[in-house]
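Please examine the model shown here. The dialogue that follows considers how its features are to be read.

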There are 2 protein chains.
Amino acid sequence: MRIATLGPEGTFSHEAALKYDGKADLAFVNTIRDVFDMVSKGKAGLGIVPIENSIAGTVGQTLDFLMQFCLKIKAEEVLPINHYLVGFGAIGDIRHIYIHPQTFEQCELFIKKNMPKAEMIQTSSNGKSAEMLSKSKDKSKAAIIPKIAVDFYKLKVLKKDVQDNRFNVTRFFAISKDDAKKTGYDRTSIAVYPQVDRPGLLHEMLGHFAKNGINLTKIESRPSKGKLGDYIFYIDFQGHKSEKNVADALKKLEESAFVTLLGSYPRKY
Amino acid sequence: MRIATLGPEGTFSHEAALKYDGKADLAFVNTIRDVFDMVSKGKAGLGIVPIENSIAGTVGQTLDFLMQFCLKIKAEEVLPINHYLVGFGAIGDIRHIYIHPQTFEQCELFIKKNMPKAEMIQTSSNGKSAEMLSKSKDKSKAAIIPKIAVDFYKLKVLKKDVQDNRFNVTRFFAISKDDAKKTGYDRTSIAVYPQVDRPGLLHEMLGHFAKNGINLTKIESRPSKGKLGDYIFYIDFQGHKSEKNVADALKKLEESAFVTLLGSYPRKY
């Protein structure tokens, strides 16, 4: 199967795609919108996109595109995020670091402590950081990249695990034209756009889940593009859309809100 | 008063700082962590940091640093986000665009339609995009930047309002060692870390707000750094911590969760 994901080779998205299907035919594209576009137009059967990182939070674009493109979540994957400092000289020689801005956020303390005078050269992806360093061969240059990029570009590791937080994971969605069948250990994601605004409405809406014994695993309000303070709620909960208690909760929810089913898929945590 | 904000000159953070206090002595720093650091160490009396954008969503770092640095939210500011295409030649001449990755996200459709072959040169801030373009004077180069950067660097506008969504605003927090006194039209932000995990807990917690007639304006779950699926809830609601119904709701909430008060401050929307 053809899978679209964020490129070039050596990104965490690349790693997530391989984790989902090690034998897939991978198509590397530049933006999250491009991944959705490929799947929507049938140029790829599946797309891999990041949805949240434990440090940086939710990837807003992915949530918005799920609504816009009418695609479904077919699976989730969770990757530990470990960063590697690579280069050609010693750490003391480093003057310039190729680095993706999100990677910088995740390694800021390490860099400030160990290479306070190094200049950051911002790149558009972790794969790009590795590619640019591998072309330079200069001892004053380094990069901070994932293991998959270290291996792909055969770079020399100066220090492993340079991320500031020991716990750093990214959750990815596999998106497709259809979601997944019930396995008995599933999660469902929905978007809820309330049709009224009054104190207690969210409490009332969540009551439909509580009454049906459904455990929520994530909730997030996002401005609905209309005005600030007018929100869409993204909610993840345990269970599959084909189960009776889930169907009952969704039916009650629809009495006071527009509800979009983003997909039911097997749980990975 | 000295105010720390994200630099260099010409960023939306610069504009938000001027909106808060047009006569302030501004200190421009490189990262959100640096803003918190300046205020925490008393090197600035106030800091301006982005908290959410209507397209990109919440700035996770700002939420996390509010917890880590024990600073308070003293005010909010809401800025409309309009992007300007600037350069020295015609749109048809453009081959390279200096652009911040978030600005690219917000103008991706415009760029793909009008300059599909242009190469993106990623920068670390909108102010930097303007600075780099202003040094080049090359007709094949352009930048997409805020109005404040157009004015500061006296650049030529090729097209106004090139952002893809008509509605695009960013909300900023002014952070300080203390929050604000009651005005009668206030908002309060809290972080809630539940001490148990069972279906219906969030519903139960929100019930304390509903019973006290308090309107929630934002809710977001973020992984608590411990493990994925173990969440902290960030909640904004209408009212001031000194009001009786707010104090009552918070007291009930504390029976099943650790609650951190991030600040009470005047509402701007």
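**Reading helices, sheets and contacts**

A: Helix α5 (residues 126-136) of chain A lies across β6 (84-87), β7 and β9 (141-145) of chain A, at about 155° to β9(A). Helices (H or I, at least four residues) and strands (E, at least two) are DSSP runs numbered from the N terminus. Axes are lines fitted to C-alpha atoms, for helices over the stretch in contact, with angles from 0 to 180 degrees between N-to-C directions. The model is predicted: local features need pLDDT of at least 70, side-chain atom pairs count only at pLDDT 80 or more, and totals for chains, interfaces and linings use all residues. Residues are numbered from 1 along each chain as its sequence is written, and chains are lettered from A in the order in which they are written.

Q: In what order do the strands of the open sheet in chain A run?

A: Strands of a sheet pair through backbone hydrogen bonds, either parallel or antiparallel. Here 5 strands follow the order β8-β7-β9-β6-β10 (chain A), with mixed pairing. The edge strands, β8 (119-122) and β10 (157-159) of chain A, each pair on one side only; pairing requires at least two DSSP bridges. β7 (residues 96-99) of chain A pairs with β8(A) in the parallel sense over 4 bridges.

Q: Which residues of α7(B) meet α8(B)?

A: Met205(B), His208(B) and Phe209(B) meet Ala249(B), Lys252(B) and Leu253(B) in α8(B), contact being C-beta atoms, placed from the backbone, within 7 Å.

Q: How many residues does each chain give to the contact?

A: Chain A contributes 45 residues and chain B 45 residues. β13(A) gives the most to the side of chain A that touches chain B, with 8 residues.

Notes: Contact = placed C-beta atoms within 7 Å.
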